[in-house]
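Take a walk through this structure, one part at a time. Keep the sequence and the 3D view side by side.

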Amino acid sequence: FPSKQAQVQTTIFTRMSALAAEHGALNLSQGFPGFDCSEELQALLAFYSKGHNQYAPMAGVPVFKQSIADKTCLFYGIDIDANKEVTVVSGATEALFCAIHCCVFPGDEVIMFDPSYDAYDPAVRLAGGIPIHLSMDAQNGFQIDWEGLARSITPKTRAIMVNSPHNPTGSIWTENDLDALAEIVKGTNILIISDEVYEHIVFDGKKHYSVLLHPELRQRSFVCGSFGKTYHITGWKIGYCLAPEYLTKEFQKLHQWVTFSSATPLQHALSDYLKEPDHYLGLSNFYQRKRDLFASAFEGSKWKLLPSHGSFFQCMDYREISDEKDVDLAERLTKEIKVASIPISVFYEKAPGDTILRFCFAKSDEVLLEAAHRLVQL
Ligand code: PMP
Ligand code: GLN
C-alpha cells in the first residue's frame, strides 16, 4: 500500500503511554489528569444526556457559545460576539488543524518555535505548507529570539504558531512578548494561531497573556482552547476556536467537513458549568501545589529542575545522571524503574542535544511522590 504519510510515526504520547501500560509504570508521560472531573460536572452530563442526543448546530450549541463568550469577557475583559467569533470543536487538536488548513495555501510558510507541540508540523505539511522551525534555547529559559523571528519572515510567511503556557517547557509569555510579536507582524498579512489550552494554569501569581489582549494580534488570530485541561476531562475532547468574524467564517468552512459539530450533551453540561468562575480560577493554585510537592522531592538530588511557570509539566535535566539520549533514557526508565516521561527532543526539527525529560504532575500526590522516590535513586 503506498503510504501517503510514510515518514509519519505514531505520536510519542501514544507510544509512551502504551509502554507505561505494558510495563506497569507510573505514567507521567502523556499529559492527562490522574484523577476524575468533579461530581457536579458528571451530574450535569448525566442530566443533559436525556433529550440532548442529536446533532448540535455546526458552530456549536448557542447557549454554550454564549457561555464561552461570557467567560472570555469576564476573564480577559474583552468583548466576544458569540455568533460571529466562536466555534465549538472536538478538542484543541481539531481547532489547530482547522485553523491551519483554512488559511495555509500550498507553499506557504508557517513559523513555529521548537520545542513545539507535535500536532503543528504535520498539520502544516498536510496543508501543503512549509513548517519553519525556530529554536528556543533551554539556557535562555526557552525565550523567543525576536530578532531571529524578524529575520525569518519572508513574503511566503502565512502564519506564526504561538503557545503559552508552553507545552512541553512550562514557559509563559509576558506582555513584552505580545508587543514584540505585534511589532513584527504589524503591516503584514501574517496570521497568528495561538494555542492557549493551559490558559488557566499559570503559577506564582503570574498572569496569562492571551493574544486576545493585544488589538494588533487579536484581529489576526485564531485562539485555540480546550476544556480538557481546565476541567480534568481530556477524554471529552471538546474545545473552541475564537477568531474575528472574517477568520471564523473560513474556519467554519473547514470545521463543517472535519467533524461538522461536536458532542451535544457535553456542550450543554459545560455551558452550565462554565458559568461558575470558581471552577477554573482555583486551577493555578491546585497545580502549583502539585508542582511544588513534586519539585521538593528532588531537592539535593542530581536532577536539575527547569522553571515551570505554567501548564502541568516539569522539565528536568539529567546530565549528571546519564549521558544517554533522552529517547533512550525515557524508554529505559519506563522499563526499569517504571516511571514514564516524555523525551523533549521529539518536539524539535533538529534536536539540540539537551538532556531533558518532561514529567506531567497532574497526578495524585501519592503517584508524584512515588515517582520522585524512584527517580532520585538513580
Ligand atoms: N495543544 C497543546 C499544547 C496541548 O498540550 C494539547 C493537549 N491537551 C492540545 C493542544 C490538544 O488539546 P485537546 O486534547 O483538546 O485536543
Ligand atoms: N497534550 C498531551 C501532552 O502533551 C497529549 C495529548 C495527546 O496525546 N494527543 O501530553
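**A guided walk**

The residues are Phe13, Gln30, Gly31 and Asn167. Bear in mind throughout that this is a predicted model.

Now turn to ligand 1. Around this ligand there are 14 residues. Gly91, Ala92, Thr93, Asn167 and Ser226 come nearest. The shell of ligand 1 holds 3 nonpolar, 9 polar and 2 charged residues.

Asn167 has another feature to look at. A cis peptide bond links Asn167 to Pro168, with omega about 15°. Pro168 sits in the loop that runs between S5 and helix H8 (175–185). A cis bond is also found from Asp114 to Pro115, where omega is near 5°. Pro115 belongs to the loop between strand S3 (109–114) and helix H6 (120–126).

Next, find the sheet to which S5 and S3 belong. It is an open sheet of 7 strands, in the order S2-S8-S7-S6-S5-S3-S4. Its pairing is mixed. Which strands stand at the edges? They are strand S2 (86–89) and strand S4 (130–135). Each has a single partner strand, so one side of each has no neighbour in the sheet. On average, neighbouring strands of this sheet are turned by 20° against each other, direction ignored.

Look inside this sheet at one pair. Strand S5 (residues 157–163) and strand S6 (residues 191–195) run in the parallel sense and pair over 5 bridges. Asn163 has its bridge partner in S6, and that partner is Asp195. Then follow the chain to the loop between strand S7 (221–226) and strand S8 (239–242), where His232 is placed. Phi of His232 is near 60°. That is a positive value in a residue other than glycine.

There is a second sheet to trace. Here 4 strands form an open sheet, ordered S9-S10-S13-S12, and the pairing is antiparallel. Strand S9 (304–305) and strand S12 (342–343) are at the edges. Each of these has a single partner strand, so one side of each is left without a neighbour in the sheet. S12 pairs with strand S13 (residues 356–360) over 2 bridges, in the antiparallel sense. Leu357 in S13 is the bridge partner of Pro343.

Now for the helices. Helix H5 (residues 92–103) packs against helix H10 (residues 245–258) at an angle of about 120°, and their axes are 8 Å apart. That angle makes H5 oblique to H10. Their crossing is right-handed.

How do the axes of helix H13 (residues 283–296) and helix H15 (residues 365–376) cross? They cross at roughly 25° and come within 9 Å. H13 and H15 are therefore roughly parallel to each other. H13 passes H15 in a right-handed crossing.

Finally, step back to a longer span. An unreviewed UniProt entry carries the annotation "domain: Aminotransferase class I/classII large", which covers residues 26–375. This span is 38% helix and 16% strand. The C-alpha atoms at the ends of residues 26–375 lie 11 Å apart.

Technical notes: Residues numbered from 1 in each chain as written. Chains lettered and ligands numbered in written order. Predicted model: local features only at pLDDT ≥ 70, side-chain atom pairs only at ≥ 80, totals over all residues. UniProt positions renumbered as here; feature names shortened; annotations may be inferred. Near = placed C-beta within 6 Å. Pairing = 2+ DSSP bridges. Axes fitted to C-alpha atoms, helices over the stretch in contact; angles between N-to-C directions. Parallel < 35°, antiparallel > 145°, perpendicular 65-115°, else oblique. Left-handed = near helix turned anticlockwise from the far one by under 90°. Nonpolar A, V, L, I, M, F, W, Y, C, P; charged D, E, K, R; others polar.
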